[in-house]
Amino acid sequence: MKLVRRSLLALALVATTAFAAETKKELVIGATAGSNIEVLRLGIKPLLEQKGYKVKLVEFNDYVQPNLALAQGALDANFFQHTIYLNRFREDRKLDLVEIVQGPMAPFGIYSKKRRSIAEAKPGDRITLANDPANLAHGLALLADLKLITLKPGADPIRVTEKDVATNPLNLKLQPLEAAQLPRTLDDADYAIVNGNFAISSGLKLTDALVLEKTPAHYMLVVAVKGADKEAPWSRDIAAAFHAPAFKAVLEKNFPGYARPDFLQ
C-alpha cells in the first residue's frame, strides 16, 4: 500500500510540474550590459508581453554569473553567449544548459585612440583583449585573420590561447583583461579588441572601429535555458519571438550593422 501511495504521489508531482510549465507566465531573462539587453528590451520583451507574459530583464557585467544564475533557477533564460562558450561552460561546470535559438550580436571590433588604422601598428604596440577563454580565442583568431600574428599549425582557432601564437612579427604585447573593462583601456593601450555589446554600453559606436569583424555563424549569440525547459511552451515562445518579422523590423531600425543569423537576413 505504501508503495502505491508513493507512486501516486510521484505521479501527482510530475503532473503538477508539467502543469506549472504549461501555465508559466512570468519570465526572468538575463543578458549582458549594452546591446544584448537592449535587443531584449526593445525587440523581444514586447513580443512576449503581447502573448501574456510578464517579463523581467536582469543585467550582468560578466560572462560567468548569467549561466550560474540560469543553472540555479534564478533565471529562466539568458542571452549573452555564443555556442562555443556555452558548450565549454556546460562541460567545465557539468551543467545541463542548452541553446534554443540564435540571435543578433554587435560584432567584435578593434578600436584605438592612438592609431588611425591597423596598418599603423608599430613594434611593441599593446593590444588589450578579453581574457575569458572563448573570447580570448575569438580575439586571437581576429588578429590572425589580419596577419598580425600567426597561430601554430593544427591549433583549434576557437580554443587557442597566447601559448598557440606561432609568430608575432611586431612583438605585439597582448594583454588579456576582463571584457567589460576593455573600453577603458583605450586611453593607454594602442589597440583594444572590444566585444560589441561592451563597446556600445561604453559609448563607442560600431562605426568607430578600425576593423569590424564579419561574424561567423559559430560566434552568433544564442538564448540558453536549462535542458529540462527546452520544450516548455514559454521556451518555444521565446524562440518564436526571435523569428518574428516584428523583431527583424526592430533590428533594422535600432541596431544597424549588427551581425544576424540567416533567418533574420
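## Glu252 and Arg260

The side chains of Glu252 and Arg260 form a salt bridge, with N and O 3.7 Å apart. A salt bridge here is a side-chain nitrogen of Lys or Arg within 4 Å of a carboxyl oxygen of Asp or Glu. Glu252 is partly exposed at 46% relative accessibility. Arg260 is buried at 17%. Buried means under 20% relative accessible area, exposed over 50%, and partly exposed in between (1.4 Å probe, protein chains only).

## Basis of the model

This is a predicted model, in which local features need pLDDT of at least 70 and side-chain atom pairs count only at pLDDT 80 or more, while totals for chains, interfaces and linings use all residues. Residues are numbered from 1 along each chain as its sequence is written, and side-chain values use heavy atoms, with hydrogens and water left out.

## Salt bridges across the structure

The whole structure holds 11 salt bridges. One of them pairs Asp237 with Lys51 through their side chains, at 3.2 Å from N to O. Asp237 sits in helix α7 (residues 233-243) and Lys51 in the loop between α2 (35-50) and β2 (54-60), so this pair ties together parts 186 residues apart in sequence. Helices (H or I, at least four residues) and strands (E, at least two) are DSSP runs, numbered from the N terminus. Asp237 is buried, with 18% relative accessible area. Lys51 is partly exposed at 44%.

Arg88 and Asp92 form another salt bridge, their closest N and O atoms lying 3.9 Å apart. Both residues belong to helix α4 (residues 83-93); they are four residues apart, so about one helical turn separates them. Arg88 is partly exposed at 27% relative accessibility. Asp92 is exposed at 54%.

## Asn195

Asn195 lies in the loop between β10 (191-194) and α6 (196-201). With 4% relative accessibility, Asn195 is buried. Its side chain makes a polar contact of 3.0 Å with that of Tyr63. A second polar contact, of 3.3 Å, links the side chains of Asn195 and Asn135. A polar contact is a pair of N or O atoms within 3.5 Å; within protein, one must be able to donate a hydrogen and the other to accept it, and residues adjacent in sequence count only if both atoms are side-chain atoms.

Neighbours within four places in sequence are set aside for the next list. Asn195 is then in contact (heavy atoms within 4.5 Å) with Tyr63, Phe108, Ala130, Asn135, Ala179 and Leu182.
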